Structures are given as structure tokens and as C-alpha cells.
Amino acid sequence: METPGGNDTVDNGKIGNAKPPVMPKETKKALDKALGHVLTKGHSIKLHDGDIVITCSEPGFRRAGMEHPHMKVHPEGSLTETQLKMLRAEPKISVIKIGG
């Protein structure tokens with residue numbers, strides 16, 4: 001049986017029983033609709049559900065095992081709960097979670 005695109009999708013008498021390819025989380029996230037954008041230094045950074053935006057009033061300041069620029073978007077899961085707790089307690093740093 002042919003599909004409108006002309007491709008044969010019949011396998012063992014069933015249509016469409018092939019499993020979709022597994023996509024890495026980072027690739028899937030890149031294809032997801034952005035919830036917003038941060039505009040900085042002439043370019044736009046997409047914000048996705050679960051991203052963490054860290055801003056630092058003193059760029060170069062170190063906390064939670066890393067040096068912080070003025071602003072950085074961290075993908076979901078890239079910071080531990082311990083790091084987030086340390087960052088939220090630091091007055092020089094703001095932590096913003098995107099989405100729910």
C-alpha cells in the first residue's frame with residue numbers, strides 16, 4: 001500500500017508498525033517550541049521548559065563549583081539540587097526557572 005507521499009509503509013501486512021527513531025534529549029529540546037528568548041549582546045537565546053537562567057551581579061564570581069558570567073541559561077538537569085540551593089542562597093545571584 002502506498003502513502004500519499006509514494007512511500008511503501010506496509011510491513012507484515014500492517015501499516016506504520018515501524019518504531020519512530022529515538023531522539024537524544026538535547027535534539028528533542030532544540031526542536032521543541034521555545035517559551036521565550038533572552039536577548040543579550042546582539043543575539044537571542046531560546047528558553048525552554050525546565051531551563052534555569054542564572055544572573056550574577058558580579059561577573060566572574062564563583063559559587064557552587066562554577067564561575068558565573070553576567071547571565072547564562074542552563075539546560076534542565078545540568079545543575080544539581082545542591083548547586084541550586086547554594087545559588088538561591090547567594091545574594092549576588094538570581095535563579096530563574098523557566099516553565100513549570
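Helices (H or I, at least four residues) and strands (E, at least two) are DSSP runs, numbered from the N terminus. The model is predicted, so local features need pLDDT of at least 70 and side-chain atom pairs count only at pLDDT 80 or more, whereas totals for chains, interfaces and linings use all residues. Residues are numbered from 1 along each chain as its sequence is written, and side-chain values use heavy atoms, with hydrogens and water left out.

Some totals for the chain come before its parts. Accessible areas come from the Shrake-Rupley method with a 1.4 Å probe, and for residues only the protein chains shown count as cover. By that method the protein chain exposes about 7,500 Å², of which carbon and sulfur atoms supply 56%. Buried means under 20% relative accessible area, exposed means over 50%, and partly exposed lies in between (1.4 Å probe, protein chains only); of the 100 residues of the protein chain, 26% count as buried. Where contact means heavy atoms within 4.5 Å, 42% of the contacts between residues at least 6 apart in sequence join residues at least 24 apart.

The strands can be taken next, with pairing understood to require that DSSP finds at least two bridges between two strands. Strand β3 (residues 36-40) and strand β4 (residues 43-47) pair in the antiparallel sense over 5 bridges, and within this pairing Val38 has Ile45 in β4 as its bridge partner. The hairpin of β3 and β4 has 2 residues between the strands, and Lys41 takes a positive phi near 50° in this hairpin.

An open sheet of 3 strands has the order β8-β5-β9, with antiparallel pairing. In this sheet β8 (71-74) and β9 stand at the edges, each with a single partner strand, so one side of each is left without a neighbour in the sheet. The twist from one strand to the next averages 20°, where axes are lines fitted to C-alpha atoms, for helices over the stretch in contact, and angles run from 0 to 180 degrees between N-to-C directions. Antiparallel strands β5 and β9 are joined by 5 bridges, and α2 lies across β5 and β9, running at about 125° to β9.

Ile52 stands opposite Lys97, and when neighbours within four places in sequence are left aside, Lys97 is in contact with Gly50, Asp51 and Ile52. The C-alpha atoms of Lys97 and His48 are separated by 9.8 Å, although these residues are 49 residues apart along the chain. Lys97 counts as partly exposed because its relative accessibility is 46%.

Charged side chains provide another set of links. Side chains of opposite charge can pair when their charged atoms come close. A salt bridge is defined here as a side-chain nitrogen of Lys or Arg within 4 Å of a carboxyl oxygen of Asp or Glu, and the structure holds 2 salt bridges.

One of them joins the side chains of Glu58 and Lys92 (3.0 Å, N to O). Glu58 lies in the loop between β5 and β6, and Lys92 in the loop between α2 (81-89) and β9 (93-97), so the pair ties together parts that are 34 residues apart in sequence. Glu58 counts as partly exposed because its relative accessibility is 38%, and Lys92, at 30%, also counts as partly exposed. Not counting residues up to four places away in sequence, Glu58 touches His68 and Lys92. Glu58 and Ile93 are 35 residues apart in sequence and 8.4 Å apart in space, C-alpha to C-alpha.

Arg63 forms a salt bridge with Glu90, and the closest N and O atoms are 2.9 Å apart. This pair links distant parts of the chain, with Arg63 in strand β6 and Glu90 in the loop between α2 and β9, 27 residues apart. Arg63 is partly exposed, with a relative accessible area of 29%, whereas Glu90 counts as buried because its relative accessibility is 11%.
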